Amino acid sequence: MTIFSKIIEGVIPSYKVAEDDNYYAFLDINPLAEGHTLVVPKKEVDYIFDLDEKTLAGMILFAKKIAKKMDAALDCKRVAVVVLGLEVPHAHIHLIPLNNESDVDFKKPKLKLTPEKFQEIADKISI
Ligand code: AMP
């Protein structure tokens, strides 16, 4: 079971942003910006382009709902959509509040936030 499946099942805690029958979204614990969110399918598939068409299309529509909430609730120009990384073998989309293109530089030091701050952000953008 991947770490993201453990998060979906509640075995590992997360700052939940949204959930439906097929998808789960939660704050990235090493955020590039306040509100940095991961969207994952409940189906455990490693590579996003190995997802079946319905799950892949639904994942983007699920991400859109969260991004729209982020647009409204956070101080950002847009929300960036990023798929990268080899770290966790469970497909995921990063949603990152964007004011400058450098905001999505994954080599930058990550923000250190308190649990209270994570919870405050999750409450602000949850749908
Ligand atoms: P990547 O595979 O490069 O997209 O990286 C996986 C992302 O998952 C990283 O940004 C991590 O900070 C994030 N991550 C890993 N474990 C957790 C966790 N337990 N809770 C929240 N985010 C996590």
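A polar contact is a pair of N or O atoms within 3.5 Å; within protein, one atom must be able to donate a hydrogen and the other to accept it, and residues adjacent in sequence count only if both atoms are side-chain atoms. The structure is a predicted model, in which local features need pLDDT of at least 70 and side-chain atom pairs count only at pLDDT 80 or more, while totals for chains, interfaces and linings use all residues. Residues are numbered from 1 along each chain as its sequence is written, and side-chain values use heavy atoms, with hydrogens and water left out.

**Exercise 1.** Identify which polar atoms of the protein lie by the ligand, and state how much of the ligand the protein covers.

*Solution.* Begin with the side chains: a polar side-chain atom of asparagine 30 is 2.8 Å from an oxygen atom of the ligand, and an N or O atom in the side chain of aspartate 28 lies 2.5 Å from a ligand oxygen atom. Finally, of the 500 Å² of accessible area that the ligand has on its own, the protein covers 87% (Shrake-Rupley method, 1.4 Å probe).

**Exercise 2.** Describe the shell around the ligand by residue class and by element.

*Solution.* The ligand is surrounded by 16 residues (a heavy atom within 4 Å), the closest being Asp28, Asn30, Leu84, His92 and His94. Sorted by class, the shell has 10 nonpolar, four polar and two charged residues. Helix H1 gives the most, with three residues.

**Exercise 3.** Locate the ligand among the pockets, and characterise the lining of the largest pocket.

*Solution.* A pocket is an open set of points on a 1 Å grid over the protein atoms alone, where a 1.4 Å probe fits, with protein on both sides within 12 Å along at least five of seven lines; lining residues have an atom within 4 Å of a point. The ligand sits in the largest pocket (more than half of its atoms lie within 2 Å of the grid points). This pocket has a volume of about 470 Å³, and among its 23 lining residues Phe4, Asp28, Asn30, Leu38 and Glu87 lie nearest its centre. By class, the lining comprises 14 nonpolar, six polar and three charged residues.

How values were computed:
Helices (H or I, at least four residues) and strands (E, at least two) are DSSP runs, numbered from the N terminus. Ala, Val, Leu, Ile, Met, Phe, Trp, Tyr, Cys and Pro count as nonpolar, Asp, Glu, Lys and Arg as charged, and the others, Gly among them, as polar. Grid points are joined across faces, edges and corners, and a volume is the space filled by probe spheres set on the points.
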